[in-house]
Amino acid sequence: MTRKIVSSGNVSGNYGNARCDLRATLGSLEIPSAILTASGCAAAGRELDNYFDITQIGGIVTKSIMLAPRSGRATPRMAETPSGMLNSIGLQGPGVESFIENDLVWLRQRGARTIVSIAGGTAEEFGKVAAKLRIAGGFDAIEVNISCPNVEDRGQVFACRPDSAAQVVQTVRRNSDSKIPIFAKLSPDVTDIVDIARSVSQAGATGVSVINTLLGMVINTTTMRPALAGVTGGVSGPAIRPVAVRCVWQIRSALPDLPIIGMGGIRSGHDALEFILAGANAISVGTSIFNDPSAPMRIQTELQQELASRGFTSLAQAVSYAHREADIASMEEAPSSAAEDSETEWDFISE
Amino acid sequence: MASMNSGAIQVKGEVLDVQRTGKYFLMSVTAPGVAERTQPGQFITVGMGGQESSMILRRSFAIQRVQSRGMYGGTLEFVVSPVGLGTNWLTKLRRHDPLDLVGPLGKPFTLPTKPVTCVLVGGGYGSAPLILLAESLRDRGCRVDTIVGASTEDKLYGGLELKRVSTSLTLTTEDGTAGVRGRVTDVLKATLDTSQVDVVYACGPMPMLASVAAESMARKVFSQCSVEESMACGIGVCMTCVLPVIGEDGITRMLRSCVDGPIFRGDRVRWSEIGTVPEGTWGSEALRS
């Protein structure tokens, strides 16, 4: 796709080379670019460094790490769905100690900003993982994955209830350096996501990452059995984007100052802009990496053009822009076009 | 532990030719930079349906042959079996249509350092990567006896090409429509029993690979198998294409076909337990608690 940039009338210059300040501030976390990878879609950055320079985007959000090594679930673990996919990996990983020794050391040496995603079966396990990371240091923030649908207790993830979500965040907060920003990753599979966001914020989360996958299922019509060995899985990709944008919008409306990392099916700079306008301070690129390994870098360039073509000189200006009151400019336009219409369409009646 | 595809790149390629061959289609594409780096057994992934496509996942294909020079620069060939939305889209492409390619991916076949005797076994279009392999083995002075089979004649693939590059070629079909009636493993067993074989290389459906590995192991012959697992990313980040493989330390791990494979030693894969996480697999305690 080559997106043609159309002038909005108030910006001049060559938008193809437009520079727009993409810096993002998420509480105490400041990153030079608001583009991150999404947890579970970038491993620990090493593989992707082959396709683009991972130090040139905002940062790598690593695959959720648990206390002990984990084999993950049996295969099949994945099925393609319209504009998306269903997965049930089951948090395969080497355990936090190996992660610290190998992945975290590599990321630090490489000079990549790192948000470490952590997971646990209990609040205590989350706390133990955070404590080990605290001793190791060398990362920029923690994302608390309280919403992975592929754990043993399906549908009963911590992020489904305000109290259990808060308990995990509190435990991680207590076991982490007080200067380390903590983001709680929320599930869209809840009655009111704002309740959960408010609860984790009060429990000490710096901000929220929205959204994790939606719980879904595919039946294989050849075997006439569930397509995944894990039966249910998480749906991701562009198919879930409107759900994600809605979640960002709702949380931003209720909590104007809460830092939000938005994610869910972002495939282009245009998609990323939607999240920013809805209220996200930064965005994560996930499933689209499977489609295009250099997607985070491409989306960063495209977002810069999308912002510049609309007259924004910084990404920060565009955050929550869709929440503003109706423009004075468009108010002025509306009556004038109505006046034109009246001449052509209402001439059958004389007053 | 960390496996990488450090030689892989993402390039814009172009279709040169799409040729029907039996039930399959042979695609020739330009892939500047990919063709030059390819070793036998490696694969590419192709983005499906363009940038606005509803098919999010790339499809992976074994590289059949490469040409690093010529009027189009680096070009390569791969075979497609049109079975779903993506592969049907791909085979309908025409000359000059653009393609999003990533490669070369995966660990290649390990080649012998001496001119030994090799048996190559291909099932269905799994014989495609054996063409590049056979060429490399012949260049090293190896004897290459190739066995290619399928359920029926029009599912046989690469016979003509393999005949040219092999010392001998045997075809098998289960229904007897071409070559020897029976399975490739029947011919393999006879070959292993009657002649001195040093290495067996195989690519094809999983049950065939399991059988090739078992027959080779039973006779203490070294085997290498190219597995076909469904992949989402092809580059090692999604953890979808795993299978249980025994490491040198004797511990079974769920390894990724895309970066730890697709070539595995036949005696290392726990063939009958693919699709499960076998008891004792590294990190599997959480599944059973």
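Student: In chain B, what share of the contacts with a separation of 6 or more comes from residues 24 or more positions apart?

Tutor: That share is 65%. A contact here is two residues whose C-beta atoms, placed from the backbone, lie within 7 Å. Keep in mind that this is a predicted model: local features need pLDDT of at least 70, side-chain atom pairs count only at pLDDT 80 or more, and totals for chains, interfaces and linings use all residues. Residues are numbered from 1 along each chain as its sequence is written, while chains are lettered from A and ligands numbered from 1 in the order in which they are written.

Student: How do you know whether the radius of gyration of chain B agrees with that of a compact globule?

Tutor: Take the rule, 2.2 Å times the number of residues to the power 0.38, with the radius taken over C-alpha atoms. For 289 residues that gives a value near 19 Å, and chain B has 19 Å, so the two agree. Along its principal axes, the C-alpha trace of chain B spans about 50 × 50 × 35 Å.

Student: And how many helices and strands does chain B have?

Tutor: Six helices and 15 strands. Both are DSSP runs numbered from the N terminus: helices (H or I) need at least four residues, strands (E) at least two.

Student: What makes A:Thr301 buried, exposed or partly exposed?

Tutor: Count the other C-beta atoms within 10 Å of its own, placing C-beta atoms from the backbone: 20 or more is buried, 12 or fewer is exposed, and in between is partly exposed. A:Thr301 has 14, so it is partly exposed. You'll find A:Thr301 in helix H8 (residues 295-309) of chain A. A:Thr301 and A:Leu22 are 279 residues apart in sequence, yet 9.9 Å apart in space, C-alpha to C-alpha. As for chain B, 53% of its 289 residues count as buried.

Student: Why can we say where the buried residues of H2(A) lie around the helix?

Tutor: The buried residues of H2(A) are A:Phe126, A:Gly127, A:Val129, A:Ala130 and A:Leu133. They fall within an arc of 165 degrees, so they line one face of the helix. They pack against helix H1 (96-110), E7, E8 and H3 of chain A.

Student: What makes E10 and E15 of chain B edge strands?

Tutor: Two strands pair if DSSP finds at least two bridges between them. The open sheet of seven strands runs E10-E9-E8-E7-E11-E12-E15 in chain B, with mixed pairing. Strand E10 (180-181) and strand E15 (263-265) each pair on one side only, and that puts them at the edges. H5(B) packs on this sheet, touching E7, E11 and E12, and its direction makes about 170 degrees with that of E12(B). Such angles run from 0 to 180 degrees between N-to-C directions, and the axes are lines fitted to C-alpha atoms, for helices over the stretch in contact.

Student: How do you know that strand E8 (residues 143-150) and strand E9 (residues 168-173) of chain B pair?

Tutor: They share six bridges, in the parallel sense. B:Gly149, for example, stands opposite B:Thr172 in E9(B).

Student: Which strands does strand E3 (residues 43-46) of chain B join, and in what sense?

Tutor: E3(B) runs antiparallel to strand E4 (residues 59-67), with four bridges, and antiparallel to strand E6 (residues 98-105), with three. B:Thr45 has B:Ser60 as its bridge partner in E4(B), and stands opposite B:Val102 in E6(B). Both faces are covered: B:Phe43 and B:Thr45 on one side, and B:Ile44 and B:Val46 on the other, are all buried. In a regular strand, side chains alternate between the two faces of the sheet.

Notes. Arc of directions from axis to C-beta.
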